[in-house]
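Please open the structure in the viewer and keep the selection panel at hand.

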Amino acid sequence: MRDEARRLDAADPLAAFRGRFVVAEEAGAYLDGNSLGRLPRAAAARARELVEREWGEGLIGSWNRGWLDLPARVGAGIAAVLGAAPDEVLVADSTSVNLFKLAVAALRRQAPRRRILTDDLNFPSDHHVLRSALAAVGGDPSADLEVVRSPDGVTVPPDLLLAAVTPETALVSVSHTAFKSAYTYPLAEVTAAARDRGALVLWDLSHSAGSVPTDLRAAGADLAVGCTYKYLCGGPGSPAFLYVRRELQEELENPVGGWFGAAEPFAFSLDYTPAPGLRRFLTGTPPVVSLALVECGVDLVREAGLPAIRAKSVAQTEYLIRGWEARLAPLGYALASPRESARRGSHVSLRHPEAGRITQALIAEHGVIPDFRAPDCVRLGVCPLYTRYEELARAQEALAEVVVSRAYEAYPEQTAGVT
Ligand SMILES: *Cc1c(COP(=O)(O)O)cnc(C)c1O
């Protein structure tokens, strides 16, 4: 198994990109890049330059030497990754806050339609935010949020979702790639079918951006948000992005209007006139330090190119599924991700009744870092810019070993903190 992995690593066209990241450990396996991407070496250097020179020496003058443009400039880089036009993506706030802004804006545009459709694979924060958005426009969060149930806990057939779009549906809001199962919707098909029925679609691209192609412009996608600290390697808590199709930008109103979204922030006028274009979706001062670092990860994704990243991601998740079938299924692990690669993002979820304790044993005894998603999922994330096949082989050996030896029994049922 290790030999096959080494052969695949030797033939990997993206192998050199691993050296562009800080890798402190070589013995274990980091399979949690879908939760927090590794640190690009360029970002460490950029942080030093930004803090010591631009802030330390340049002080307030640095706003006019590049800082003011950062939300749009970094947004344009992300747009290239998402298949959007440069002026259709902006970086601001967190994914949750951006989702709120775009959901409220969409609900107002879509009146008198007032219902939101989502699914039960969507990220819990998205559900909380969509309810808050309904409350903000005077809707009933319980009655007006309709949740389509996944029949198998892994997928939602597009027809099942689309059948629930009614003349009252203002907005369909789902994750393009589901955080637990990695199920990926056909973006263009859902967008077009929802539009035919008069609904807008607001995609959460958090688990797709930088790993799964989205081609937003070709699909005519309306709205999207997503996170930059996963496959885009922006760093812990780095600000998120939002996308609004150009033709919709002037039709939508930011529900949290603030000076950075005003036409002339430095006129200090008490009247609010929204900026033309997408900039109206800014609210307050951008977090310059973490925002600037996002560019380093995005540049690496663009340099490698999404087609090569996606090809390796598919090959690595297929490798994990082959190994699961041969060695892990007989030990009680069940596959909780789609078998069909076209419908799967860049991680593989395995279910096991002892998943929580298994994850603890993997980390403590093998240096293998996946993550645990309650109640019973171990997620194995591959980030093609730095994940090696050898890491996948190690992870699978460790997954087998801790079950065969019952090593997981030494760990507590409950854990605190980030998992
Ligand atoms: C990671 C993730 C988020 C993160 O939201 P924040 O508000 O930036 O913390 C949101 N949605 C999905 C689907 C995610 O995977």
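A polar contact is a pair of N or O atoms within 3.5 Å; within protein, one atom must be able to donate a hydrogen and the other to accept it, and residues adjacent in sequence count only if both atoms are side-chain atoms. The model is predicted, so local features are given only at pLDDT of at least 70 and side-chain atom pairs only at pLDDT 80 or more, whereas totals for chains, interfaces and linings use all residues. Residues are numbered from 1 along each chain as its sequence is written, and side-chain values use heavy atoms, with hydrogens and water left out.

**Stop 1: the ligand**

Select the ligand together with its surrounding residues, S94, T95, S96, F123, D126, S175, D204, S206, H207, Y229 and K230. By class, the shell holds 2 nonpolar, 6 polar and 3 charged residues. In this scheme Ala, Val, Leu, Ile, Met, Phe, Trp, Tyr, Cys and Pro count as nonpolar, Asp, Glu, Lys and Arg as charged, and the others, Gly among them, as polar.

In D204, a polar side-chain atom lies 2.8 Å from a nitrogen atom of the ligand. For K230, an N or O atom of the side chain is 2.5 Å from a ligand oxygen atom. A polar side-chain atom of Y229 is found 3.4 Å from an oxygen atom of the ligand. The ligand taken alone exposes 390 Å², of which the protein buries 86%. Accessible areas come from the Shrake-Rupley method with a 1.4 Å probe; for residues, only the protein chains shown count as cover.

**Stop 2: S238**

Move to S238, in the loop between β7 (223–226) and β8 (240–244). Helices (H or I, at least four residues) and strands (E, at least two) are DSSP runs, numbered from the N terminus. Is S238 buried or exposed? S238 is buried, because its relative accessible area is 4%; buried means under 20%, exposed over 50%, and partly exposed in between (1.4 Å probe, protein chains only). Its side chain makes a polar contact of 2.6 Å with the side chain of T228. Apart from neighbours within four places in sequence, S238 is in contact (heavy atoms within 4.5 Å) with T228, Y229, S290 and V294.

**Stop 3: the nonpolar cores**

A nonpolar core is a set of buried Ala, Val, Leu, Ile, Met, Phe, Trp, Tyr and Cys residues joined through side-chain atoms within 4.5 Å. Select I78, L161, W203, F241 and L385, the residues with the most contacts inside the largest core, which has 59 residues. Helix α11 (residues 288–304) supplies the largest share of this core, 8 residues. A second, separate core has 33 residues, including L31, A355, V378 and A407.

**Stop 4: helix α8**

Highlight helix α8 (residues 187–196), where L187, V190, T191, A193 and A194 are buried. The buried residues of α8 pack against α7 (158–163), β5 (169–175), β6 and α9. After α8 comes G198, with a positive phi near 85°. In helix α7, select D159, which is exposed because its relative accessible area is 59%.

**Stop 5: helix α14**

Centre on A398 in helix α14 (residues 389–404). A398 counts as buried because its relative accessibility is 1%. Leaving out neighbours within four places in sequence, A398 is in contact with L362, H366 and V368.

**Stop 6: backbone exceptions**

Most residues other than glycine have a negative phi, and most peptide bonds are trans. Which peptide bond is cis, with omega near 10°? The bond from A111 to P112 is cis with that omega, and P112 lies in the loop between α4 (95–110) and β3 (115–119). The bond from A374 to P375 is cis, with omega near 0°; P375 is in the loop between β12 (371–373) and β13 (377–381).

Finish with two aspartates. D93, in the loop between β2 (89–92) and α4, has a positive phi near 50° and is partly exposed at 32% relative accessibility. D215, in the loop between β6 (200–204) and α9 (216–219), has a positive phi of about 40° and is partly exposed at 45%.

Definitions and conventions: A residue is near a molecule or strand if one of its heavy atoms lies within 4 Å of it.
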